[in-house]
Structure formats: structure tokens, C-alpha cells
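Subject: Structure handover

Hello,

Here is the structure for your files. My notes on what was found in it follow below.

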Amino acid sequence: METHDPLEQTELTFLLGMAFQLVLSEFVDRLDAVGYADLRPMHGLVFQVLRGSGATSSELAEELGVTKQAAGQIIDDLEKRGYVERRPHPAGGRRKLVVLTDKALQHLAVAGRILHELEAQLTQQLNQIGRQVPRAELAAVIRTLAGDSIPPLRPVW
């Protein structure tokens with residue numbers, strides 16, 4: 001008896017979206033369980049932009065594809081929670097450099113560990129049914145559409 005999986009006829013954009021939502025939801029649930037329920041996926045994107053030497057609020061806004069006001073609100077919120085701090089910009093002037101605090105760096109380490117564990121678990125489960133995480137295929141789709149200009153992951157969902 002042949003079974004029909006409705007996902008086989010689902011458009012690629014929906015499949016990618018559903019897979020992203022499911023993986024992200026599991027990741028967030030695991031982060032919440034270890035004490036990071038105060039952070040949302042958007043905060044992770046902010047942390048990735050600020051990782052390293054930091055950024056100005058204007059640079060953050062541009063990278064995330066949000067208004068300067070929205071970036072300022074996000075920074076204000078994360079500063080109140082102790083995840084970022086504003087410092088004088090090395091170039092001087094009125095600009096401020098927003099940098100991650102040790103609390104944010106600790107979160108990134110925990111989040112990275114959890115994400116790798118989740119991916120390893122997913123890989124193991126897929127291997128058990130003769131499948132694999134389609135990393136190379138997804139990378140090829142991105143390269144085909146974006147070429148050498150890899151776009152930033154922006155909160156457009």
C-alpha cells in the first residue's frame with residue numbers, strides 16, 4: 001500500500017520555512033530550559049552582529065534591516081538586562097559603540113553548545129532513517145541565489 005506524504009508536494013519556500021521554525025522552536029525551548037527565557041531569537045541576531053568589536057546603533061539597524069529607532073529600543077532593552085553596554089566610539093564624536101558584556105558572551109557559548117547538540121541529535125535521527133541534514137544542498141541553494149554576496153540573516157519572519 002502506497003502512502004502519500006503531503007510534504008512531498010509542498011512548495012520549497014514553505015518546506016524551508018517549516019524546517020526553520022521547527023529547529024528554531026526546539027533551540028529556543030532548550031535555551032529557555034537552561035535559564036535564557038528572557039531572550040528571543042531576535043536577540044541572538046543582535047548578538048551575532050555585535051560579536052567581536054561591536055557596532056553603532058546605526059550599523060546594527062542596517063545589518064538587521066530595521067529602523068534606527070527599533071535598533072535603539074533593542075539596545076536599550078538589552079542594556080537594561082545587562083547583555084550589552086554603550087562605550088565611547090574609538091573614532092570619537094557623539095557616536096557610541098555597542099558591545100557585548102560577559103553575560104552576553106556566556107549566553108553565546110551556551111547557545112552554541114545547545115545548537116551543536118541539537119544538530120548532532122537531528123543528524124543521528126536522520127541517519128537512523130537513511131537521511132542526512134541537507135547542509136550541502138542548502139548551501140548550494142544559497143550560493144545559486146546569492147552568489148558570493150552571502151546575505152545577513154534578518155528578522156523578516
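The charged end of K103 sits over the ring of Y83, at 4.5 Å from the ring centre. The criterion is that NZ of Lys or CZ of Arg is within 6 Å of the ring centre and within 35 degrees of the ring normal. Please note that this is a predicted model, in which local features need pLDDT of at least 70 and side-chain atom pairs count only at pLDDT 80 or more, while totals for chains, interfaces and linings use all residues. Residues are numbered from 1 along each chain as its sequence is written, and side-chain values use heavy atoms, with hydrogens and water left out.

Y83 also takes part in the one aromatic pair that a search of the whole structure finds. Its partner is F47: the ring centres are 5.7 Å apart and the planes stand at 40°, so the pair counts as tilted. For the terms, rings of Phe, Tyr and Trp (its six-membered ring) pair if their centres lie within 6.5 Å, and planes under 30 degrees apart are stacked, over 60 edge-to-face, and the rest tilted. Because F47 belongs to helix α2 and Y83 to the loop between α4 and β1, the pair ties together parts 36 residues apart in sequence. Helices (H or I, at least four residues) and strands (E, at least two) are DSSP runs, numbered from the N terminus. F47 is buried, at a relative accessible area of 0%, and Y83 is buried at 2%. Buried means under 20% relative accessible area, exposed over 50%, and partly exposed in between (1.4 Å probe, protein chains only).

T101 touches Y83 as well, along with G82, V84 and E85, not counting residues up to four places away in sequence; contact means heavy atoms within 4.5 Å. T101 is in the loop between β2 and α5 (102-128) and counts as buried at 12% relative accessibility. G82, which follows α4, has a positive phi, near 90°.

Which residues of α4 are buried? They are A71, G72, I74, I75 and L78. Seen down the axis of α4, these fall within an arc of 165°, so they line one face of the helix; the arc is that of the directions from the helix axis to the C-beta atoms. They pack against α2 (41-50), α3 (57-64), β1 (84-88) and β2 (96-100). The face turned away from the buried side carries the exposed residues Q69, Q73 and K80.

H43, in helix α2, is in contact with D38, D77, L78 and R81, leaving aside neighbours within four places in sequence. H43 counts as buried at 8% relative accessibility.

For the chain as a whole, there are six helices and two strands, running α-α-α-α-β-β-α-α from the N terminus. The radius of gyration is 19 Å, whereas a compact globule of 157 residues would have one near 15 Å; the value is taken over C-alpha atoms, and the globule rule is 2.2 Å times the number of residues to the power 0.38. Along the principal axes, the C-alpha atoms fill a box of roughly 70 × 35 × 20 Å. Of the 157 residues, 23% count as buried.

Regards
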